Amino acid sequence: MGPIDYLVVEFPGNRMTGEAFPLLVDLVDRGLIRIFDFVFVRKELDGSVIGMSLSDVDRDGQLDLKVFEGASSGLVGGDDLEEVGKIIEPGSSAGILVYENVWAGPFASAVRRSGGQLVASGRIPVQAVLARLDEAEKAA
């Protein structure tokens, strides 16, 4: 099994264009990731948090995420929804995605078979990478 990651994407004002959904489907179709959970929540103006159906999250009358309906392993629970509710703004919605990096599975297995073990892992924010690249370009 490859590493399991999650991400939470906020949509201020509940504005979702759906532009990213075909790209997510492509990642799944190409076997790069496997989705364990895909949940949408909305934070009302009064601060309450409610789940949203995956069938038409942008409310344009088209079934945007029908392909992900049923993507629920149970890894995302009510406490997770509460935590997301604490970090998004009232009047916004958020997508919570838990996925396996399938592409890394064979590499991780080979490392374990050869006696290696993971001792550190992390993620560098894109903004930090871009800033560092800009600094390096200016220094060159």
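Author: Helices (H or I, at least four residues) and strands (E, at least two) are DSSP runs, numbered from the N terminus. On that basis the elements of the protein chain run β-α-β-β-α-β-α-α from the N terminus on, which comes to four helices and four strands. This is a predicted model: local features need pLDDT of at least 70, side-chain atom pairs count only at pLDDT 80 or more, and totals for chains, interfaces and linings use all residues. Residues are numbered from 1 along each chain as its sequence is written, and side-chain values use heavy atoms, with hydrogens and water left out.

Reader: Why is strand 2 called largely enclosed by the rest of the structure?

Author: Buried means under 20% relative accessible area, exposed over 50%, and partly exposed in between (1.4 Å probe, protein chains only). Nine of the ten residues of strand 2 (residues 34-43) are buried, so this strand is largely enclosed. Of the 140 residues of the protein chain, 30% count as buried.

Reader: How do you know that strand 2 and strand 4 pair?

Author: Two strands pair if DSSP finds at least two bridges between them. Strand 2 and strand 4 (residues 92-100) have nine bridges, in the antiparallel sense, so they meet the definition. In strand 4, G95 is the bridge partner of F40.

Reader: What makes strand 2 and strand 3 a pair?

Author: Four bridges join strand 2 and strand 3 (residues 49-52) in the antiparallel sense; R42 has I50 of strand 3 as its bridge partner. These two strands form a hairpin with five residues between them, and G47 in the turn has a positive phi of about 95 degrees.
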